[in-house]
Amino acid sequence: TIEQIAFIIKMDLDFNITYINELFCNIMACEMSHLIGKNFDFLKSKISTANVFDNLKKSLLNGQFWEDTIKIEKDKNEFIYLKVKIIKISDASNKNVQEYVFIAYPITDQENEKKELNKKMFQNIAHLKKESHNNLIENKKLESELEILKNHIQNLNRQLIDVNTSKSSLLKQLEAYEISSLNQSTGKVDL
């Protein structure tokens, strides 16, 4: 039944508790007899966001149901997450509200899983940012080395041009020398 899987609290029109189920009492470690007749506001100090109560009461007094996920402190530094819905129960004519019913399903495991997933996601993002930053630094380093290599290649190309120019000049000089030597040995004179 719903009593075994959900917290059930019934309240009168002044939000005084008229019924509370055992599951709530067992998990929250409180006595049912201490809560009957108490105002629902007793939970206000245990809920992590106090404005939840203002919104909750405003919605209910305006004839609407109220639904949200809340975080309740169970013990010091131990919290329970609940998916809550509070509805109004009206009389047969559906004109007069008779009571409010608080129904809450514990979703602590799901919320903790979400937190863990968010934590891992942020860790992954941080890791990717760091990796991206390192890659950027490595790319800049490689670009710098590439620029140095390009400059070196340009210098080598200039040196090669100079060597080829010198080679060509030397070959012309050698050719002229050989022609001159050949002419001298044959007795021809260049004019």
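Contact, as used in this report, means heavy atoms within 4.5 Å. The model is predicted.

## Lysine 10 and its surroundings

Lysine 10 belongs to strand β1. Residues up to four places away in sequence being left out, lysine 10 touches Asn16, Ile17, Thr18, Tyr19, Glu99, Tyr100 and Val101. The C-alpha atom of lysine 10 is separated by 9.6 Å from that of isoleucine 36, a residue 26 places away along the chain.

Lysine 10 has a relative accessibility of 31%.

## The hairpin of β1 and β2

Strands β1 and β2 run antiparallel and are joined by three bridges. Within this pairing, methionine 11 stands opposite isoleucine 17 of β2. The two strands form a hairpin in which five residues lie between them.

Phenylalanine 15 is located in the loop between β1 and β2. Its phi is near 70°, which is a positive value in a residue other than glycine. Is phenylalanine 15 buried or exposed? Its relative accessible area is 5%, so phenylalanine 15 is buried, given that buried means under 20%.

Threonine 69 has lysine 83 in β4 as its bridge partner. Two residues lie between the strands of this hairpin, where asparagine 77 takes a positive phi near 65°.

The loop between β4 and β5 contains asparagine 94. The phi of asparagine 94 is near 65°, again a positive value in a residue other than glycine. With a relative accessibility of 58%, asparagine 94 counts as exposed, because the limit for that class is over 50%.

## The nonpolar core

Which residues have the most contacts inside the largest nonpolar core? They are Ile9, Met11, Phe24, Phe40, Leu43, Ile86 and Phe102, in a core of 29 residues. At least two residues of this core come from each of β1 (7-11), β2 (17-20), α2 (22-28), α4 (51-61), β3 (66-75), β4 (78-90) and β5.

Leucine 43 is one of the residues with the most contacts inside the core. Apart from neighbours within four places in sequence, leucine 43 is in contact with Ile9, Phe24, Phe53 and Ile72.

## A nonpolar patch on the surface

Ile2, Ile5 and Tyr105 together form a nonpolar surface patch with about 270 Å² of accessible area. Tyrosine 105 lies in strand β5, which spans residues 97-106. Its relative accessible area is 35%, and tyrosine 105 is therefore partly exposed.

Isoleucine 5 is part of helix α1, residues 2-5. At a relative accessible area of 52%, isoleucine 5 is exposed. Beyond residues up to four places away in sequence, isoleucine 5 touches Leu23, Tyr105 and Pro106. The C-alpha atoms of isoleucine 5 and isoleucine 87 are separated by 18 Å, the two residues being 82 apart along the chain.

Methods. Residues numbered from 1 in each chain as written. Predicted model: local features only at pLDDT ≥ 70, side-chain atom pairs only at ≥ 80, totals over all residues. Heavy atoms only, no water. Patch = residues over 30% accessible without salt bridge, like charges linked within 9 Å, V, L, I, M, F, W, Y side chains within 5 Å. Areas by Shrake-Rupley, 256 points an atom, 1.4 Å probe, with all protein chains shown as cover. Salt bridge = Lys/Arg side-chain N within 4 Å of Asp/Glu carboxyl O. Helix = DSSP H or I, 4+ residues; strand = E, 2+ residues; numbered from the N terminus. Buried < 20%, exposed > 50% of the residue type's maximum accessible area, 1.4 Å probe, protein only. Core = buried A, V, L, I, M, F, W, Y, C linked by side-chain atoms within 4.5 Å. Pairing = 2+ DSSP bridges.
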